[in-house]
Protein chains: 2
Amino acid sequence: MFYGIAVFPEKHVQDLANSWRRRYDPHYAAIPAHMTVRDQEDWTEQQLQTAVDYLEQATAALSPFTVRFNRVSSFFPVSHVLYLALEDTAAMQELRNAVCSGPLTVKAPKHVYTPHLTIGQKMSADELHDMYGNLRMQSIDAVSRIDRIHLLYQTDNGSWTAYQSFLLRG
Amino acid sequence: MFYGIAVFPEKHVQDLANSWRRRYDPHYAAIPAHMTVRDQEDWTEQQLQTAVDYLEQATAALSPFTVRFNRVSSFFPVSHVLYLALEDTAAMQELRNAVCSGPLTVKAPKHVYTPHLTIGQKMSADELHDMYGNLRMQSIDAVSRIDRIHLLYQTDNGSWTAYQSFLLRG
C-alpha cells in the first residue's frame, strides 16, 4: 500500500491555493492542498508499524512553527509545476530532515527536497508560462502555523485518505 | 469553520465503495469513502479545542472493533441515498454515543443515527430504484477493522481535510 507524509496548511491558505488548483492541478480532487514531507512509497504492514512508531518519537522533539508563502515559483523545465513558495524554507527543511531519517530515510531521493505547495501541474509549457507570468505580478502573502503532520494512504482511485496525525510536541 | 467526525474503513472497503461512488455520489471528490460519526457543525477555535480535549479523553476508553458490510440499503424516501449497511450496528452505535456526548452532544439530531457508508446520493428516484434493484442482488461481504476516528474540517470548495486522528485506545 502506498503511504505518504504531508502537511496541510491552514484553511485560508488551502482556499487560496484551491482557487488555482481547481483549474490547473489534475490532483485537485485526490488530496487537499498540501506540502509533501515524504513522497509516496509502497509499505508492508510491518513497515507501516515501524513508521508510525518512528513518527511518534520524531514528532515529540519537533516544535510547531510558522511559514509564510510569499510568491509563486516553478520547477520548470524539470517539471511543469507551479507552486506557492516559502519566504524561508529552513523550518520545513528541518521537519523533512527529522521525518525522513532513521527507518524513514529516503534511499535514493529523486530530487533535492524543496518545500512547496503545488497549485498547478502537468501543464503545457505555454500554459505554465502564461500563468506564471500572471501570478508573478500578484502579491502573495499567506501565513500558516504548522503544528502537525499527516500520514496518508492511497486508494486505488488515486485519492489519499488520512491514516494518522502526529502533533509536533516539542 | 465546519468540523465533522468520521471513520474511514480499510482501503479494500473504500475501493469497493468507490466503484459506485465515482458515478453515483456527487461528494466522491470531496471526501474519501467514510462512515459519519458526527455531522458537520460550525465551531469556534475555542469549541475546537474543547472537542479535541474531549475526543482525547473519550477515545481512551473505546476499544477497536470490526464491522461487516453485508448489503446495500437505502434511506429512500427520506433521502435519496444508497449505502453499504452493517450486519451489526451495535459497535458503531456505541462509538457514536461515546463521541457525541459531553461537549459534543448533538442538541437537535436531524435524524436517528444509522451507521452507513454512502455509495450514492442525490440520485433521481428512478435511478436509485434501478441501482438498488441491481445491488440487492449482488452478494456483499466486506470486513473492516475500526481502530481510530478522524476529526476533519471543510474548506470553501466543500472538500474535507484531516485535522486530527484519535486512536481507540481502550
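## Annotated histidines

His34(A) lies in the loop that joins helix H1 (11–24) to strand E2 (35–42) of chain A. The model is a predicted one. His34(A) counts as buried because its relative accessibility is 17%, below the 20% cut-off. Residues up to four places away in sequence aside, His34(A) touches Ala6(A), Val7(A), Phe8(A), Pro9(A), His116(A), Leu117(A) and Thr118(A). Its side chain reaches the backbone oxygen of Pro32(A) at 2.9 Å.

His116(A) sits in the loop between helix H3 (90–99) and strand E5 (117–120) of chain A. Beyond its neighbours within four places in sequence, its contacts are His34(A), Met35(A), Thr36(A), Phe75(A), Tyr83(A) and Leu84(A). The side chain of His116(A) reaches the backbone oxygen of Thr114(A) at 2.7 Å. An unreviewed UniProt entry lists His34(A) and His116(A) under "active site". They are spread over 83 residues of sequence but cluster in space, with a largest C-alpha distance of 8.3 Å.

## Interface of chains A and B

Chain B and chain A bury about 2000 Å² between them, of which 48% is on carbon and sulfur atoms. Of the area that chain B buries against chain A, 24% comes from Lys11(B), Arg148(B) and Asn157(B), more than from any other three residues. Each chain gives 25 residues to the contact.

## Polar pairs and contributing elements

The interface has 2 salt bridges and 17 residue pairs in polar contact. Lys11(B) forms a salt bridge with Asp156(A), with the closest N and O atoms 2.8 Å apart.

On the side of chain B that touches chain A, two or more residues each come from helix H1 (11–24), strand E7 (148–154) and strand E8 (160–167) of chain B. E8(B) gives the most, with 7 residues. By class, this side has 11 nonpolar, 9 polar and 5 charged residues.

Notes. Residues are numbered from 1 along each chain as its sequence is written. Chains are lettered from A and ligands numbered from 1 in the order in which they are written. This is a predicted model: local features need pLDDT of at least 70, side-chain atom pairs count only at pLDDT 80 or more; totals for chains, interfaces and linings use all residues. Side-chain values use heavy atoms; hydrogens and water are left out. Contact means heavy atoms within 4.5 Å. Buried area is the accessible area (1.4 Å probe) that two parts lose on being put together, summed over both. A salt bridge is a side-chain nitrogen of Lys or Arg within 4 Å of a carboxyl oxygen of Asp or Glu. A polar contact is a pair of N or O atoms within 3.5 Å; within protein, one must be able to donate a hydrogen and the other to accept it, and residues adjacent in sequence count only if both atoms are side-chain atoms. Helices (H or I, at least four residues) and strands (E, at least two) are DSSP runs, numbered from the N terminus. Ala, Val, Leu, Ile, Met, Phe, Trp, Tyr, Cys and Pro count as nonpolar, Asp, Glu, Lys and Arg as charged, and the others, Gly among them, as polar. UniProt positions are given in the numbering used here, feature names are shortened, and annotations may be inferred rather than shown by experiment. Buried means under 20% relative accessible area, exposed over 50%, partly exposed in between (1.4 Å probe, protein chains only).
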